[in-house]
Amino acid sequence: MRNIDIVTYSLLGQYADSNEYYVDVAAFTNEVILNGEPIMNSAILNFKNYIKENNIESLRSNEEYLLELLTLAILWQLYSDDAFELSELPKNIIRKLVEIRKQGGNIKAGADFIRGILSTIFLSPNSNYESTINLSSKNFKKFITWLSASGEFDEEVKRFNNWEKYFSTLALKKLEEIFLATAAYALWFNARSEVVLGKYTRNVNLFLKNEYPKHKFKEDIILCGRQRVEYHLNMVGAEIMNRAFRDDFFKTRIKKLLLPICMRYNNEKNCKAKHTEEGYVCGSCTAECRVSKLTEMGKKYGFEILIISHGSSAFREEKVKYGEIGIVGVACVLNLMSGGWKARNLNLVPQCVILDYCGCKNHWSNEGIVTDINVNQLKEILDVK
């Protein structure tokens, strides 16, 4: 992978593989959890009691709720100013367009075209990390509304809605204590993640300066404008979720590996993959193709391989019995946490492997760059020797 080909991030660093990245992110995740223990011992325990008393959901690990709070605090710092400025009319129109685009087909292209224009005008995020908006129940609701309207944070919104219900039961002083603690935690994460993980995201700022303006009036204006701290958050989030679901994943009867189309060696015209209801199945047309090699591995070790054309089509919407199907999602950094949360909502048991670098033509590269993953990491997740 040449440095010139690195669009935003690369897990390779200065090496031929991403082995060192996985060592770094595991160690840093331990540090993130350790530094979050004071929050886990107060706010999260009280929140879990609220969840249990009101029978809102099955209780999850402290680390998963800590990730939600950290995500909330980071996104608040980045986007709450924008949320406060969003008026009702454009908000409602953009939210409706998000719903329309989910229907797919020709209507999606039209909805995306209009959404790109309106999102650029009304939702374009700023690049600062210095929100001036005070946390209150009213402001937090506006914040969630902005995230929902953007169409980029659907899974986060589902979790923040539960936090909003809990926050509404607290006295203002208690709410401020939680907010100050999580805000300080997010600021520490921003600074510390730059030191530990920043070497893998050095090109993000260059992309934001030189390439991001070209996404003006496109539907991916928010996705492509994400800041370095959001890359680091997803890296740690992926590690936390892999740990949380690892034991359950091993117990699943059916295992599937979901690969993005950007991993194919051949372009769309030459790729011989066959379309099915769940995704594309590799036709093994090119021996050099990583998808073909992983398909052969799947046949040997008993897991299914599916090629997914877009993150939004990665999962069928009907729920299954939890513990039956385990999925390993392969995606670029910014899609990891939302994909894992969506899979869990559908009772799939998720694991993930990060693309070593991004390169799809939809968002990151006009020509398209063939992407790859760390196969050793995949084998560890699948327990393949």
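# Briefing: salt bridges and helix contacts

The structure holds 19 salt bridges. The model is predicted.

- Lys174 and Glu177 join their side chains in a salt bridge, with an N to O distance of 3.9 Å.
- These residues, Lys174 and Glu177, are 3 residues apart in helix H8 (residues 172-197), so about one helical turn separates them.
- Lys174 is partly exposed, at a relative accessible area of 31%, and Glu177 is also partly exposed, at 41%.

- A salt bridge connects the side chains of Glu230 and Arg226, at 2.5 Å from N to O.
- Glu230 has 0% relative accessibility and therefore counts as buried.
- Arg226, with 4% relative accessibility, likewise counts as buried.

**Salt bridge between distant parts of the chain**

- Between Glu278 and Lys256 there is a salt bridge whose closest N and O atoms are 2.5 Å apart.
- This pair links distant parts of the chain, 22 residues apart: Glu278 belongs to the loop between strand S2 (274-275) and strand S3 (280-281), while Lys256 belongs to strand S1 (residues 254-260).
- Glu278 counts as partly exposed at 27% relative accessibility, whereas Lys256 is buried, with a relative accessible area of 12%.

**Salt-bridge network**

- One network, joined by salt bridges that share partners, contains Glu57, Arg60, Glu64, Glu68, Glu155, Lys158 and Arg159.

**Helices H1 and H10**

- Helix H1 (residues 19-35) and helix H10 (residues 228-251) have axes that come within 9 Å and cross at roughly 80 degrees.
- H1 is therefore roughly perpendicular to H10.
- On the H1 side, the residues in contact are Tyr21, Val25, Ala26, Phe28, Thr29, Asn30, Val32 and Ile33; on the H10 side, they are Met235, Val236, Glu239, Ile240 and Arg243.
- Sorted by class, this contact of H1 with H10 has 9 nonpolar, 2 polar and 2 charged residues.

- Asn162 is part of helix H7 (residues 154-167).
- With a relative accessible area of 12%, Asn162 is buried.
- Leaving aside residues up to four places away in sequence, Asn162 touches Phe47, Tyr50, Ile51, Ile56 and Glu57.
- Glu57, one of the residues that Asn162 touches, is also part of the salt-bridge network that includes Arg60 and Lys158.

Methods: Residues numbered from 1 in each chain as written. Predicted model: local features only at pLDDT ≥ 70, side-chain atom pairs only at ≥ 80, totals over all residues. Heavy atoms only, no water. Axes fitted to C-alpha atoms, helices over the stretch in contact; angles between N-to-C directions. Helix = DSSP H or I, 4+ residues; strand = E, 2+ residues; numbered from the N terminus. Parallel < 35°, antiparallel > 145°, perpendicular 65-115°, else oblique. Contact = heavy atoms within 4.5 Å. Nonpolar A, V, L, I, M, F, W, Y, C, P; charged D, E, K, R; others polar. Buried < 20%, exposed > 50% of the residue type's maximum accessible area, 1.4 Å probe, protein only. Salt bridge = Lys/Arg side-chain N within 4 Å of Asp/Glu carboxyl O.
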